[in-house]
Structures are given as C-alpha cells and as structure tokens.
Amino acid sequence: MMQFSIYIRSFHSYESALNGKKKIKDFIASNTVKGKIRIIVFTDKQFANMDIIVGTKSEEEKNAPKQLLLF
C-alpha cells in the first residue's frame, strides 16, 4: 500500500534541484529505516502543461504573473 502525499520544493535551476535532491537523500538515508520515497524533477514548462481533470484553477492561479526570461 502506498500513501499518496505530495510535498513540493521549487528551485531556480536544475543544478540547485540536484543539490536539493542530494540533501534529501542524505537526510533520508540517516533518518529513515523503512518506507518508500520518490522524487520527481520537472521544468516550469512541463508544470505549465499540466491538465486539470477535476475542478478549475483558483483565482490565485489565474492571476499569477507570467515568468519572464531576461537575457
């Protein structure tokens, strides 16, 4: 049986995500005896392409500012 709990941590870059993932793995290795923990990393664009199956976007989501790329 699996408990479906989701915890989200966002990072500014893929490299910082890898560093955060290593910190989580190190913590889990020294503090957890059993269990199943999975980590998934995806980009802003992949997250933005998520489909809503049930319900609608909240007002906060609808009014969120668009991310800008500055060169």
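Which side chains meet in a salt bridge at 2.7 Å, N to O? In this predicted model, whose residues are numbered from 1 along each chain as its sequence is written, local features need pLDDT of at least 70, side-chain atom pairs count only at pLDDT 80 or more, and totals for chains, interfaces and linings use all residues. Side-chain values use heavy atoms, with hydrogens and water left out.

The pair in question is lysine 22 and aspartate 26. A salt bridge is taken here as a side-chain nitrogen of Lys or Arg within 4 Å of a carboxyl oxygen of Asp or Glu, and the count by this rule comes to two. Lysine 22 and aspartate 26 both lie in helix α1 (residues 14-31), four residues apart, about one turn of the helix; helices (H or I, at least four residues) and strands (E, at least two) are DSSP runs, numbered from the N terminus. Aspartate 26 counts as partly exposed because its relative accessibility is 42%, where buried means under 20% relative accessible area, exposed over 50%, and partly exposed in between (1.4 Å probe, protein chains only). The side chains of glutamate 59 and lysine 62 form a salt bridge at 3.6 Å, N to O. These two residues of helix α3 (residues 59-62) are about one helical turn apart, because three residues separate their positions.

Helix α1 also holds asparagine 31, which is partly exposed at a relative accessible area of 46%. The side chain of asparagine 31 is joined to that of serine 30 by a polar contact of 3.1 Å. Such a contact is a pair of N or O atoms within 3.5 Å; within protein, one must be able to donate a hydrogen and the other to accept it, and residues adjacent in sequence count only if both atoms are side-chain atoms.

Phenylalanine 42 is partly exposed at 43% relative accessibility, and phenylalanine 47 is partly exposed at 46%. Elsewhere, the charged end of arginine 9 sits over the ring of phenylalanine 11, 4.6 Å from its centre (NZ of Lys or CZ of Arg within 6 Å of the ring centre and within 35 degrees of the ring normal).

Lysine 57 lies in the loop between α2 (44-48) and α3 and is partly exposed, at 46% relative accessibility.
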